[in-house]
Amino acid sequence: MVRSITSDVSLQLFARLEARCCLKDIEPQLFPELGGPNHGEVVELYGTEGTGKTELLYHLLCRCVLPVATGGLEVDVVFVDTDYSLDMLRMVSILDSRLNAARSTGWSSDDSDEAALRSCLSRLLVVHCSSSSQLVLTLHFLETSLSSRPGLALLVIDSISAFYWLDRCEGGASVAKQEEKLSKCAELLGRLLRDYRITVFATCHTIRRSYSGPTCSSSDYDRPYLCRPWQRLVTHRLLCSRQVAANNMAATAGGSKEQRRRQVFTVYCTGSRSKASSSSSFYVTDGGVKFI
């Protein structure tokens, strides 16, 4: 009898894991050559301040929580906000714009506009963390949500490097102590990725690690600096940058006058398990990200 019960529980767990949505199609513009992240993979969004990381993250979140009929994936998302920077008004504005655009192209729903919006937001669970210790505890207890919600496919951490300097100060001269908590986070994430087949997106602040005088190149900002356990988890890296004014005009020469006035951002995508790479460009509107 005990063996039968155990077998039934195992089958139910396996069925829930199999039902978890794969996010390979989360945004074909970002991953045209590599294909999007599969089950158990990690995407790091990296770049200096003002390079479009936040808007790109909102775009991906909206893609996940929107209904399939409107071009979304209709999956649940956990958003771990370590920077306390999530702008829910901006998220609602983008979602509302996408729903209205879908209605204008023929999509219809029995729900009112407000009900449809609420349905999208119900798929987003936001958790705030103010220290690396809280982040460790959050990841530890996230297993309960993952085991009970097969629709939960994406974990977003904004940002994974929020407590980097604080941990360095608290760790003193010992590198192992400085990296202890983030290494523990990486260990817990590795277990969640393996056991629950989720996908992780995490933003990362840039940091200059070497100084070679006034002729420093931008590559000094682009080197991974977080602990090796985290770096081993990352399977895709999205390096965000902002184009200079001259390149903006060239990049949007075929577009409208309104497009040519907009700031253009570029995302360079690389994969740690493949030599393939790709790049894409976008600008930001009131309704969210628009790829060029």
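This is a predicted model: local features need pLDDT of at least 70, side-chain atom pairs count only at pLDDT 80 or more; totals for chains, interfaces and linings use all residues.
## The chain as a whole

The chain has 292 residues, and 45% of them count as buried. Its secondary structure consists of eleven helices and nine strands. Among contacts with a separation of 6 or more, 71% are between residues 24 or more positions apart. The accessible surface comes to about 14,800 Å², and carbon and sulfur atoms make up 52% of that area.

Strand 1 covers residues 42–47. Six of its six residues are buried, so the strand is largely enclosed by the rest of the structure. In a regular strand, side chains alternate between the two faces of the sheet. In strand 1, V42, E44 and Y46 belong to one side, while V43, L45 and G47 belong to the other. Both of these faces are covered.

Which strands pair with strand 1? One is strand 5 (residues 199–205), which runs parallel to strand 1 and is joined to it by six bridges. Within this pairing, E44 has A202 as its bridge partner. Another is strand 6 (residues 234–242), also paired in the parallel sense, over five bridges. Here the bridge partner of L45 is L238.

Strand 2 (76–81) is mostly covered as well, with six of its six residues buried. D76, V78 and V80 lie on one side, and V77, F79 and D81 lie on the other. All of these residues are buried, and both faces of strand 2 are covered.

Strand 2 also has parallel partners. Six bridges link strand 2 with strand 4, where L152 stands opposite D76. Five bridges link strand 2 with strand 3 (residues 124–128), where H128 stands opposite D81.

| Pocket | Volume | Lining residues | Make-up of the lining |
|---|---|---|---|
| Largest pocket | About 300 Å³ | 21 residues | Twelve nonpolar, three polar, six charged |
| Second largest pocket | About 220 Å³ | 13 residues | Five nonpolar, five polar, three charged |

In the largest pocket, the lining residues nearest the centre are Y164, R168, E179, Y225 and L226. The elements that give two or more residues to this lining are helix 5 (132–148), helix 6 (164–171), helix 7 (175–178) and helix 8 (180–196). Helix 6 gives the most to the lining of the largest pocket, namely four residues.

In the second largest pocket, H59, R98, A101, V289 and K290 are the lining residues closest to the centre. At least two lining residues come from each of helix 2 (53–65), helix 3 (88–104) and strand 9 (288–291). Helix 3 supplies the largest share of the lining of the second largest pocket, four residues.

When neighbours within four places in sequence are left aside, the contacts of Q178 are D167, R168, G171, G172 and A173. One of these, R168, is also among the residues that lie nearest the centre of the largest pocket.

## Backbone details in the loops

Most residues other than glycine have a negative phi, and most peptide bonds are trans.

Y84 lies in the loop between strand 2 and helix 3. Y84 is not a glycine, yet its phi is positive, at about 55°. With a relative accessible area of 49%, Y84 is partly exposed.

R197 lies in the loop between helix 8 and strand 5. This residue is also not a glycine, and its phi is near 55°, a positive value. R197 counts as partly exposed at 26% relative accessibility.

Where does the cis peptide bond with omega near 0° lie? It runs from D158 to S159. S159 is placed in the loop between strand 4 (152–158) and helix 6.

Notes: Residues are numbered from 1 along each chain as its sequence is written. Side-chain values use heavy atoms; hydrogens and water are left out. On a 1 Å grid over the protein atoms alone, a cavity is a set of points where a 1.4 Å probe fits but cannot get out, and a pocket is an open set with protein on both sides within 12 Å along at least five of seven lines; lining residues have an atom within 4 Å of a point. Grid points are joined across faces, edges and corners, and a volume is the space filled by probe spheres set on the points. Ala, Val, Leu, Ile, Met, Phe, Trp, Tyr, Cys and Pro count as nonpolar, Asp, Glu, Lys and Arg as charged, and the others, Gly among them, as polar. Buried means under 20% relative accessible area, exposed over 50%, partly exposed in between (1.4 Å probe, protein chains only). Two strands pair if DSSP finds at least two bridges between them. Contact means heavy atoms within 4.5 Å. Accessible areas come from the Shrake-Rupley method with a 1.4 Å probe; for residues, only the protein chains shown count as cover.
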